[in-house]
Amino acid sequence: MSAAPDPVVVIGAGLAGLRTADALREQGYTGGLVLVGDEPDPPYDRPPLSKDVLTGRVPVSAADLPIPAGLDARTVLGRAAVRLDRAARTVLLNDGTELRYAGLVVATGAGAAPWPGPRTPGPGVHLLRGRRDAVALRAALLGGGPVLVAGAGFLGCEVASAARSMGLEVTLVARGGTPLESAVGARAGAFMAAVQADAGVDLRTGTAVAALPDRRGRVLLSDGTRVAARTVVLALGARPATDWLRGGGLLLDPKTGALLCDSRGRALDLRGDPVPDIVALGDAAAPPHPCPGPGTPSHLALGHWSGAVDRAAGAAAALLGAPPPREPVVPSFWSDQFGLRLRSVGVPGAADRAEVREHDPVRRRLEVVYLRGGRTVGALTVNRTSRLAGHRREIVRGLPGQEVSTDSGIGVGRQP
Amino acid sequence: MRVGVDRDRCEDHGQCVFAAPGVFSFDDDENLLYDPAPPPGEAGAVAAAAAACPVRAVLVEGAP
């Protein structure tokens, strides 16, 4: 009498985990499937949380992700993975359960970077990452301003936009010279600074929050000024949720903690070789840099929504030992803020030069192309999505040849 | 195969244009255009476009 074969275990019940589980079924995998999520809520999508959910334009349930028909997965919610044992092919959960796997999908995402200082933030200080964070922040914003947002990346700018649209006083604190500077550079950042000024945001650049609110609700900035705030939002970046993999024999980026993987999503072991039975994608994973060149890191965790979607089919194929998809993965991201549609392809941050092709403050349009060594590596548009497809083709033209390899994967349960 | 776009949901992400350039495109006034009855050869690209749409605005009906 033989036991049932071990299932594919997906750790992480967000977009990346759900899409990979779906892709496994799409590709003919008929074996067992276990989906483990550390939050009690069923799978949800993050992008609405910092936009329409905050303003109340849609209820938080609008962020729920549909469960694909025919997924046939055992879902374990409210349990986190705490340890990986690659030799035994098991994952230990925080309730003591040990899950055996034939194949493992690492899709644990990322958490909000916490306050780095010594004091523990009080109730008026918010992080925004999960569904419950959004509900709590929405309730705080309904209580009125002023609001101080620390960090002027995409999340911070979206929160500032939502709070302004609710009529609240908003101070946005940017470490760089402009908002969004590290993501899309100073030219596009200056465009957005002007937009934010028009919208009534009190933008403070070149500074950071130095201390949590004092007893009178005043926040000290590193430039010595103090800003009154009823609600403080710390939008200081994301940290890949990979602590549970420490000691598991896989290669984590020493700086970011992201799990390194190859172009097909296969996790790398400590020697840097891909392992056949573990794939990683989404915000926890760092695939090879999409536009590699001198001075770029070998692997890059971008944390874009599209990355999880675009890599799901490839990760499922790698696990099943099927050939990789032919289409190259070109990163893309978007942000809706201050009534504008920011859309981007490629890796603007990898550029050595930015060219502004269109700048129309009246129609609120912008088109910036990012180049490195004269080659297009990224593009950003504001209210000008029509221009992106052409830039994307240019980026693809400059990509190195897709590596082709057809290793065995876990080779279980795949129907021809 | 019939293709539709829910205009109330669409937010001009452009992902459908990337995934299925033979079916979806923008004109120069930022209007999304598409072929509502694409040839069967586009079925894979259309499925990828529907999967890539962040707001699930691409609707596909019928076999290719």
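Colleague: How much area do chain B and chain A bury between them, and what part of that is on carbon and sulfur atoms?

Modeller: About 1,600 Å², with 46% of it on carbon and sulfur atoms. Bear in mind that this is a predicted model. On the chain B side, B:Phe18, B:Glu30 and B:Arg56 lose the most area to chain A, together making up 36% of what that side buries.

Colleague: What makes A:Arg384 and B:Glu30 a salt bridge?

Modeller: The closest N and O atoms are 2.7 Å apart. The cut-off is 4 Å between a side-chain nitrogen of Lys or Arg and a carboxyl oxygen of Asp or Glu, so the pair qualifies. The count between chain B and chain A is three salt bridges.

Colleague: Which elements of chain B give two or more residues to the side that touches chain A?

Modeller: α1 (15-19) and α2 (43-52) do. The largest share, three residues, comes from α1(B). By type, that side of chain B divides into eight nonpolar, three polar and six charged residues.

Colleague: Over in chain A, why are β24 and β25 called paired strands?

Modeller: Pairing takes at least two bridges. Strand β24 (residues 353-360) and strand β25 (residues 365-372) of chain A have seven, in the antiparallel sense, so they count as paired.

Note on methods:
Residues numbered from 1 in each chain as written. Chains lettered and ligands numbered in written order. Predicted model: local features only at pLDDT ≥ 70, side-chain atom pairs only at ≥ 80, totals over all residues. Heavy atoms only, no water. Helix = DSSP H or I, 4+ residues; strand = E, 2+ residues; numbered from the N terminus. Buried area = accessible area lost by both parts, 1.4 Å probe. Nonpolar A, V, L, I, M, F, W, Y, C, P; charged D, E, K, R; others polar.
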